[in-house]
Amino acid sequence: MDTKVFDIKEINDDSFSEIKEAAETLRKGGLVAFPTETVYGLGADALNPQAVKGIYLAKGRPADNPIIVHIGSKEDLKVLIKEKTKDIEILADSFWPGPLTIIMQKSNRVPDVTTGGLDTVAVRMPDNPVALELIRLAGCPIAAPSANLSGSPSPTKGGHVIQDMKGRVDIIISGEDCKIGIESTVLDVTGPIPTILRPGMITPEQLGSALGKRVEIDPSILIETSDNIPRSPGMKYIHYAPKAEMIIVQGKQDKVKREIQRLKTIREEAGEKVGLVEFGEKSYEEAAKDLFSRLRKLDDEGVDVILAGGLDSSNSLGLALMNRMLKAAGYKVLRV
Ligand code: TXA
Ligand code: MG
């Protein structure tokens, strides 16, 4: 497949006609990758089963893994869900556009391929002007998982999407680097207690205070045990594992630093190429923006082992980052 790449940093007369062409492609059942504030998405018309099947093919993704539906205005929620509860209204008003995905009971307009056969649907309104313009011009809700090949890190730069998706989709809109860098917080509001299925930039504290009630965190987020059956189907796949072995060193910062240096020396003396993921004095926001990009780079460099400094998961954003790092490391943690 011939893939068109549109370089769009801002909306102006030239880029507007390209966004229009991309929207037309979506309306006709084609595939368009586009930037969002979290990670790049790979979009198709969410109400067109044939188009959504194309996403699974392009990603090489298992077809029972449901896809997030992106909307361009809060009004668009109506056709997708059964009932707009008070909680849903509060969440949409407080956090959209933004990095929050809400799991709700679906309407019968949403096809099974989009939700992986579930009777719930995941929806969010992205906070990116190009994405919003694209969705509004397409005039349909857009199903979009992260625009990476299944098994590689979510893309946070246009170059990552081109690397994974060129030749597999109709159009790639290559825009600004994603300003958040990790995927949205996924919150299930279909049960009695709102539950976070995937941690992200929007924290349990923020959600709890907006809703005025307790919000739970799914226990399988940090620990992988056989009795923790994942409620979010995406959680059962190894999302991303680098080709290299990856070890997370967890403990007090100075000890971690020393242990990483010690291991690095041992490995290098054994002739191995070592890559480090240490965020040091960086804020967790900066770390989030950088994490996936660093992992991709280390894979490209062909390192044999990645040594990563663990983060404080009692901090909400630290938890979101550790969730991704633990998956990448196959839950291999060394405590010092
Ligand atoms: O930030 C994001 O959310 C990005 C951008 C592109 O919007 N998208 C993204 O999509 O990360 P994806 O497909 O890579 O992850 C979707 C997650 C998966 O863990 C999936 O299992 C979960 O959301 N999910 C989707 N629909 C669900 C549902 N009905 N019930 C439970 N979990 C669901
Ligand atoms: Mg993904």
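Which residue stands opposite T195 in β10? Good morning, colleagues; that residue is D188. Before the details, some conventions. This is a predicted model, in which local features need pLDDT of at least 70 and side-chain atom pairs count only at pLDDT 80 or more, while totals for chains, interfaces and linings use all residues. Residues are numbered from 1 along each chain as its sequence is written, chains are lettered from A and ligands numbered from 1 in the order in which they are written, and side-chain values use heavy atoms, with hydrogens and water left out.

Let me begin with the sheet of 11 strands. It is open, its pairing is mixed, and its order is β1-β8-β2-β3-β7-β4-β6-β5-β9-β10-β11. Strands here are DSSP runs of E with at least two residues, helices are runs of H or I with at least four, and both are numbered from the N terminus. Two strands pair if DSSP finds at least two bridges between them. At the edges stand β1 (4-7) and β11 (216-217); each has a single partner strand, so one side of each is left without a neighbour in the sheet. The pair from my opening question, β9 (residues 185-188) and β10 (residues 195-198), is antiparallel and is held over 3 bridges. Helix α2 (residues 49-59) packs on this sheet and touches β3 (41-45) and β7 (142-143), with a direction about 155 degrees from that of β3. Contact means heavy atoms within 4.5 Å. Axes are lines fitted to C-alpha atoms, for helices over the stretch in contact, and angles run from 0 to 180 degrees between N-to-C directions.

I turn to the sheet of 4 strands. It is also open, with parallel pairing and the order β13-β14-β12-β15. Its edge strands, β13 (274-277) and β15 (333-335), each pair on one side only. From one strand to the next, the twist averages 25 degrees. Helix α9 (residues 284-301) packs on the sheet and touches β12, β13 and β14; its direction makes about 180 degrees with that of β13.

Strand β12 (residues 245-250) runs parallel to β14 (residues 305-309), and 5 bridges join the two. Across that pairing, E245 stands opposite V305, and I248 has A308 as its bridge partner. β13 pairs with β14 over 4 bridges, again in the parallel sense, and here V274 stands opposite V305. How many residues of β14 are buried? The count is 5 of the 5, so the strand is largely enclosed by the rest of the structure. Buried means under 20% relative accessible area, exposed over 50%, and partly exposed in between, with a 1.4 Å probe and protein chains only. In a regular strand, side chains alternate between the two faces of the sheet. In β14, V305, L307 and G309 point one way, whereas I306 and A308 point the other way.

Of its 16 lining residues, Q253, V256, F279, G280 and G310 are the closest to its centre. Helix α8 (residues 253-269) gives the most to this lining, with 4 residues. By class, the lining has 6 nonpolar, 5 polar and 5 charged residues.

The terms are as follows. On a 1 Å grid over the protein atoms alone, a cavity is a set of points where a 1.4 Å probe fits but cannot get out; a pocket is an open set with protein on both sides within 12 Å along at least five of seven lines; lining residues have an atom within 4 Å of a point. Ala, Val, Leu, Ile, Met, Phe, Trp, Tyr, Cys and Pro count as nonpolar, Asp, Glu, Lys and Arg as charged, and the others, Gly among them, as polar.

I close with individual residues. K257, in helix α8, is exposed, with a relative accessible area of 56%. W96 and P97 are joined by a cis peptide bond with omega of about -10 degrees, and P97 lies in the loop between α3 (86-95) and β5 (100-105). Y331, in the loop between α10 (316-328) and β15, has a positive phi, near 65 degrees, in a residue other than glycine. At 25% relative accessibility, Y331 counts as partly exposed.
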